[in-house]
Amino acid sequence: MAEAQMNNIERHTIAVLVDNEAGVLARVIGLFSGRGYNIETLTVAEVDPAAHTSRITIVTSGTPEVLEQIKAQIGRLIPVHRVTDWTIDRPSIEREMALVKVAGTGEKRVESLRIADAFRARPVDTTHTSFVFEITGSPEKINQFVDLMQPLGLVEISRTGVAAISRGPEAM
Amino acid sequence: MIPQMKQMSGAEMVIQALKDHDVEHIFGYPGGAVLPIYDALFAADGLVHVLVRHEQGAIHAAEGYARSTGRCGVALVTSGPGATNAVTGLADALMDSIPLVVLSGQVATHLIGTDAFQECDTVGITRPCTKHNWLVKDIADLPRILHEAFQIATTGRPGPVVIDIPKDIQFKKGGYVAPDSVAHRTYRPAFEPDIDVISQAVALMASAKRPIFYTGGGIINAGPAASRALCELVELTGFPITSTLMGLGAFPASDRKWLGMLGMHGTFEANHAMHDCDVMIALGSRFDDRITGRIDAFSPGSKKIHLDIDPSQINKNVRVDLPIIADAGRAIEAMIKVWKTTKCMPDKAALAEWWEQIERWRARRCLDYKQNGGLIKPQYAIDRLYELTKGRDLYITTEVGQHQMWAAQRFKFEEPNRWMTSGGLGTMGYGIPAAIGVQTAHPESLVVDIAGEGSVQMTMQEMATAVQYNLPVKIFILNNRYLGMVRQWQQLLHGGRYSHSYSETLPDFVKLAEAFGCVGLRAETPAELDAKIMEMIDVRRPVLFDCIVDQKENCYPMIPSGAAHNEMILSDAEEEAVEVSDAGKMMV
């Protein structure tokens, strides 16, 4: 890839509404690996059990040309109802949830609890030597929280990936 | 009201659905996991099954059938190796947008995932090489899936689909519903053009000083009406037209407005016109790397209109100025209508000047060669084959390599659906089974596979199929004892080090033909060629024709790897002066 293009990389959040049928996720992610696209985060769950539809939210990166191709290629898959790019199509909000395990005693333990409070992260499991915090927010906020926990005894992290929705009354 | 449902087994549903979709021929190979379907086929009337010798042959035969008729090709294969052998054909059909419904057997549902005998993950393996695929887990889903399969394969941008049917589902009884009671939940291919966009396109065309039509396989896929509309539009505008390998035949090659094929082995005039044009009208073509050459030097000064039924083709390789997403036939008809109603008058003086420039390029006579000496030049063999078959009810298939390019350059196709070649995937071994498919659909026509001695050995076993079904296909082998295109590239890019491109041993094709029960013919001198070709045409049996040609001939003109359209080379003499960049060498 030319250097000019390398500097032109954008990060987009794309929502895909699909029929919840066998293999549909494999079709979407197979498309990404097969055509050499990036996946930064991926979130998928059924959103309408009556209509059997699932919503896949993908954070991906690429040049504007590649991002345009990604959306067109996803749109071409047969079980796809709709593809929306939350980064450019409409104002939207993004949230991610993470479970963050921190182990330690003494001042570090107290400090981790103080920071968690500042981030509105909630301890969901507590022992004498550890916490598991639940934190919700933008991916940047979670990154920041994780960085702060690093020196305080960070053990492991489980992140959900981004879920996104448009602002205002309209649906996707 | 609930539609009346007829009770039948899964296998019977398959046969019923084939009949409901007007299928007359299927190409297949039996095995354990499809025995119930074969059993239902045994009792079925009006459905002819052609037993191939390898599943790859079944898919290519179905492709040849589909491309020569405009209908959907159908193939039937067993589980495991039956399905994996079909993969090359599926990838080929996906690349060339050929409508196929491929039915595969699968182990019984309770055995799936247990590494059962002849089990493989067919839907997993074929997912990236089909337009869509299904594993049928419930008999209640089977009729709907069968009908959806035909709809998806044949509409929008056509393509191959696979239905993987476990053996227990083939035995199970269920209610069958007719095709018209099925509507797909999400699949809505584009069809009608946006008339505003058409008007903009026509305005841009009318303003052009150096226009060119660049047309592809999409026109052929849109049906004969689209080809007729294209001819009318070209006539109306007076613009020059060039076609891709996949698009040959949509516009009559005998017309002066046709500049021949474009691309890597396209004509000098077509490629220079593409490079220098100011308005490019791409119709059902996809800016493949074999067409564009060096992408950043591709037609730098032109405004580009791009008509395609598949939105993902727009701006994929080349940025275009005006996309039109629609069926090619409908869009071209709309262009004609707008052109006529707005009384468009192209710039006649500019157009005349453009045609003068094109004629100067044409005067280079880039396809010329010299037939001298006792060896048959491959170009001469193609030319003689063309002259001696001209005017007949003729279909041509090819394998892949130099012979394919010579055939594409030299054969003049006057109508669509007469030319079957593996364009996108470049599958050696395509030609024989494709010819069998074509001949199955057109038993009285002359069907010739223009072949190389390398490619032809990849699916040679299908000659037995041709014999079994009395399909008098003609396999015309340009035998240069080299994998010619590989040798040509080694000469050009790898210092003449002919690594493993020479066949030390070849079968005696005449004896091989006789062993299969075909007719074997051989021509070694230009003097005997015509008589041998006539003998091939006249015999009503399958023929293997071993045409011994000059070993050293290269296919020109050629855009070397990584070069632009206006950097073509026309002969060996020019080739020696060519320096191919490292970036160019990396291209394939």
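**A tour of chains A and B**

Select strand S5 of chain B, residues 100–106: seven of its seven residues are buried, so the strand is largely enclosed by the rest of the structure. Buried means that 20 or more other C-beta atoms, placed from the backbone, lie within 10 Å of the residue's own. Strands here are DSSP runs of E of at least two residues, helices are runs of H or I of at least four, and both are numbered from the N terminus.

This is a predicted model, in which local features need pLDDT of at least 70 and side-chain atom pairs count only at pLDDT 80 or more, while totals for chains, interfaces and linings use all residues. Residues are numbered from 1 along each chain as its sequence is written, and chains are lettered from A and ligands numbered from 1 in the order in which they are written.

Show the side chains of S5(B). Leu100(B), Val102(B), Ser104(B) and Gln106(B) point one way, Val101(B), Leu103(B) and Gly105(B) the other way, and all are buried.

Strand S4 (residues 73–77) of chain B runs parallel to S5(B), joined by five bridges, and Val74(B) stands opposite Val101(B). Strand S7 (residues 160–166) of chain B is also parallel to S5(B), with seven bridges; here Gly105(B) stands opposite Ile165(B).

With S4(B) and S5(B), H4(B) makes a right-handed β-α-β unit: with the strands pointing away from the viewer, the path from the first strand over the helix to the second runs clockwise.

Move to helix H15 (residues 378–389) of chain B. Its twelve residues reach 17 Å from first C-alpha to last, close to the 16 Å expected at 1.5 Å a residue, the expected span being 1.5 Å times one less than the number of residues. Its buried residues include Tyr380(B), Ile382(B) and Leu385(B). Among the elements they pack against are strand S15 (394–398) and helix H21 (526–538) of chain B. Just after H15(B), select Gly391(B), which takes a positive phi of about 85 degrees.

Finally, colour chain A by domain: domain 1 is 3–85 and domain 2 is 93–165, with bounds from an automatic or database domain assignment. Their contact takes seven residues from domain 1 and six residues from domain 2 of chain A, counting residues whose C-beta atoms, placed from the backbone, lie within 7 Å. On the domain 1 side, S2(A) gives the most, with three residues.

Definitions and conventions. A residue is buried if 20 or more other C-beta atoms lie within 10 Å of its own, exposed if 12 or fewer, and partly exposed in between; C-beta atoms are placed from the backbone. Two strands pair if DSSP finds at least two bridges between them. Two residues are in contact if their C-beta atoms, placed from the backbone, lie within 7 Å.
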